[in-house]
Structure formats: structure tokens, C-alpha cells
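Biologist: Could you walk me through this one while I have it open? I'll ask as I go.

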Amino acid sequence: MIKKKENVKKTVKANNVKVRKTSIRTTLFAGFFIPVFLLVLLGVVSYSTASKTILAKYEESSLNTVEAVSLYAGILTDGVSSRSLEQVNGADMKTYYGQYSDNTDPAWLEYYGNAKAKILQMYNSTDYISNYYTIPKQGNSMSSLEKDLEASAYDEFMASEIGKTFTENKSLKNAWFGTHAALDTMRGSDGTDYAFTNVQKFIVGDTYLVLDLSMKYVEEMLGKLDFGIDSISAMISSDGKEVARIRKTGPEGTDVLEKIDDTIFMDEAFYQTSLEGETSFSDYVTWNGDSYLYVYSPIGKTGISLCSLIPERNIVAEVSAIRNLTVVFVIMAVIIAMAIGTVIAAGISKSVKIINKGLEQVALGDFTQKFEIKRRDEFGSLGHVLNDTFEKIRLLMAEMKHFGGNVNQMADDISEKTEYLNESIKNISVGIAEVANGLQVQAAETDRSNDKMHEFADRL
């Protein structure tokens, strides 16, 4: 038996060829890596597609928002222009300033009173008009101020940029401007109570009607352009006045609009380029070293423009949320896959090690091994099958051992009987030899008897 075990060991060593091993854990990780890689690829493709779609939708939405506010601003400016034209075409206003001759005449004073009452009524019923002024060459002026303008108001007004514009363009009857510096000086104001001003020239006579668009309404319109923190929106007149506001975070975390005193758009090439067209558009530009989405829309035929600068980081913030969510899910998927792969690989490796160790001992001749695999899968079934197999082998070996004992007993009996048979054969051989010897003696005696008979015969 010892020689047999040594032979088995030699056979095992001879068959123990070095093979390059790949662990089950590595194989499982490689298997899990493929779906994880596909998941990452799906996340990248989804993020790329979603980002492009969101950016396009955001750009379209921003342009639509600016166009909508521009349309609303156009309605307000048209309303101001309509009110202005309505006043200059009013019978009393037209008669007083168009046919004025003598301010001391009671008839002319009646025209003046009626015209002033109508323009005051218009002013009180229109919230978006903050001030009004009539600037006549002859006659008394009208205004929303507490006291009338000075007699020199017409000359100073005509000497200003607005007056020069109308002087140089004889056909010009109505126009929008950013400021009326001459009137602001006369009324002692810094001009912050109005955003833009509309100037209407009377058809007859050298008289102008000035209506100011309320700053409050312009700020409300700019407030509707909510494009996130640090976004800038502005309304810009043709003469270069900018009413610009930047959106900031207030003390309580709410968004607030802060006034910008500096010029933002007028000196920029992208704004000058946009003035060449008559339609709304949007494009990405660089301002102060950062990337912005620039949105432009003209406000009717007023020469006033509505512009917005939207930080690109505000646009990609929504896309970043998708990217971060995708990254989180991918990381979670990788961690879960690694954890599941580790658990499965550990369980399989443990089962395989138990089986390998047991089979190695069996290969060395130890058939008493038991495979304790506490699993409910195929490895558990394999452990039960191996245990049953080697249990039957042990029973077979026991039966063979019992059979071998019987064979040895039978061999001993046969050997004993063979020795007895040999002894009997020897005895028989001796008896035969004695018989043969006796026969020989008898033959000799017979020969002698024969000789004696012959001799007797002779004698007879």
C-alpha cells in the first residue's frame, strides 16, 4: 500500500503542470465590466444628446422670452406714440399751438385750458407715462411739473441734440431718445425718473410734445428677463442710453436687480453688428473674458433695442445636473457590480478551493474526504454529488476489502488442502513405489518360479 501511495504521489506531481491561472474574481469583474462600460457609454451618449437638446431649447426659449418682452415693450412705446399723436391732433391743442396769435385773448386762454385739461387727463390715466411737456415757440408750455417751463425752454431745447435731430431731418415728426438733457437741466432733475422719451412734432407750428416712458415699467420689463444670477438685460436707445440691470442674489437669498451705471453694450462689436439687422437673433459671445449667450431683439420701429447677456454657466447648470446625476448612477452601478462580483467570486472561490483540496487528498489515496459546501446553487449540488460518490466508493472499497479477506481465507484453505493433497500424493507415491517394488519382487519370484517350473519340467 505504501508503494502504491508513493506511485500516486509521483503521478500527481508528474501531472501537476504549471498552467497560467485566471481567477474567477477577475473573470467575473471582466464580465461585469462590459455592462458597466456600456452603462457609462449610455450615460455619456445620453448626457451629450440631452445637453445639446437642452442648450438648443434654452437658446430658443431665451430668444422667445426676449422677443415676448420686446413685443410688450413695443406695445408700450406704441401706446406712448399713440397718446402723443392723439394729443397733437386734438382740436384744442392743435388750435392753440397751430393758430396762436394773442395769449391775452380770452378765447385763446379757453383753448389752452381745454388742451391742458385733456393732456392732464391722459397723463393721470396712463401709468407708463412719467412726465409730459409741451415746448412751443409761441404760447404757454404745459408740463407735469409744479411750475411751467421758462420762456427760454424752446431755444434751449432746439439747441440740444434732440432739437438738432429734428432740424437736420425736416421730415421727422416722431422719434425716441434716451434723454432730454436740456429739459432735465431746466427742471433740476438727474433724469432717473424716466427711461426713454418720445418727442412728437406738431404738424402745424413750431411746437413739440415730449412724453417720458416711466423707468418703473422698463425695470418691470427687464425683471421679466430672468436668466439666472449675473445675467444682464438692457434697453438701449438709438442715441446710446442704456437702462441696464444685472441680476444678483439678495440678502435673503432672493434675486434682485441691481442698476448698472456703466455702458455694457454700446461699445461692443457684437451689439454694433446686431444693429445692422432688423430681426431678433442670439449668439455666443465673449464679454469680460467669459462666455455669454447674447440675445438681441429690436423694439418695433422705435430704434430702441432689448438685449441680454446670459452667462453660459447658467445655461449648462441644468445640463450639469444631468451630468452629475449620470455620474452618480454610473458610480453606484460600478460599486454595486463590484460588490456583487466580489460576493459571487468569494463564494465560488471558496467552493472551488474546498473541492480542489478534497480532490487533491483523494488523488493521494485519502477517500475519507467530505465536501462541506453550504450553498444552494450548482456548487452545493456538486458537493452533495461528490459526497455521495465517495461514500459509495468507500462502501465499495469496504466490500472489496471484505471480499479480499474471503479470498485470502479461501487461499489459505486451498493452500492447506494443497499441502494435505501433496502429502497424500507423496503417500500414494510411496505406496505405488512399494507396490512397484513388490511387483518387481513378485516378478523376480515369478521368474524364479518359472525357472523352477522349467527345471521341474526338465526333470520330469
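Predicted model: local features only at pLDDT ≥ 70, side-chain atom pairs only at ≥ 80, totals over all residues.

Biologist: Is N288 buried or exposed?

Modeller: N288 counts as exposed because its relative accessibility is 62%, where buried means under 20% relative accessible area, exposed over 50% and partly exposed in between, with a 1.4 Å probe and protein chains only. The phi of N288 is near 55°, a positive value in a residue other than glycine.

Biologist: What about D230, where does that sit?

Modeller: D230 lies in the loop between α8 and β6, and D230 has a positive phi of about 70° although it is not a glycine. At 18% relative accessibility, D230 counts as buried.

Biologist: Okay, the sheet. What is the strand order?

Modeller: The open sheet has six strands in the order β8-β7-β6-β11-β10-β9, with antiparallel pairing; two strands pair if DSSP finds at least two bridges between them. The edges are taken by β8 (255-260) and β9 (281-287), each of which has a single partner strand, so one side of each is left without a neighbour in the sheet. From one strand to the next, the twist averages 25°.

Biologist: How many bridges hold β7 and β8 together?

Modeller: Strand β7 (residues 242-249) pairs with β8 in the antiparallel sense over six bridges, and within that pairing T249 stands opposite D255, while K248 has V256 of β8 as its bridge partner. The two strands form a hairpin with five residues between them, and G253 in that turn has a positive phi of about 85°.

Biologist: And on the β6 side?

Modeller: There, β6 and β7 run antiparallel and are joined by five bridges, with E242 of β7 as the bridge partner of I236. These two strands also form a hairpin with five residues between them, where G240 in the turn has a positive phi of about 100°.

Biologist: Which strands does α8 lie across?

Modeller: Helix α8 (residues 215-223) lies across β6 (232-236), β7, β8 and β11 (304-311) and runs at about 50° to β7. For such angles, axes are lines fitted to C-alpha atoms, for helices over the stretch in contact, and the values run from 0 to 180 degrees between N-to-C directions.

Biologist: Where is K301?

Modeller: K301 is found in the loop between β10 (290-299) and β11, and K301 is exposed, with a relative accessible area of 80%. K301 and G240 are 61 residues apart in sequence and 16 Å apart in space, C-alpha to C-alpha.

Biologist: Switching to helices, how do α3 and α4 cross?

Modeller: The axes of α3 (residues 91-98) and α4 (residues 106-124) come within 8 Å and cross at roughly 130°. That makes α3 oblique to α4, given that angles under 35 degrees count as roughly parallel, over 145 as roughly antiparallel, 65 to 115 as roughly perpendicular and the rest as oblique. The crossing is left-handed, a label used if the near helix is turned anticlockwise from the far one by less than a right angle, with right-handed used if clockwise.

Biologist: Which residues make that contact?

Modeller: On α3 they are D92, M93, T95, Y96 and Y97, and on α4 they are W108, Y111, Y112, N114, A115, K118 and I119. They divide into eight nonpolar, two polar and two charged, where Ala, Val, Leu, Ile, Met, Phe, Trp, Tyr, Cys and Pro count as nonpolar, Asp, Glu, Lys and Arg as charged, and the others, Gly among them, as polar.

Note on methods:
Residues numbered from 1 in each chain as written. Heavy atoms only, no water. Helix = DSSP H or I, 4+ residues; strand = E, 2+ residues; numbered from the N terminus. Contact = heavy atoms within 4.5 Å.
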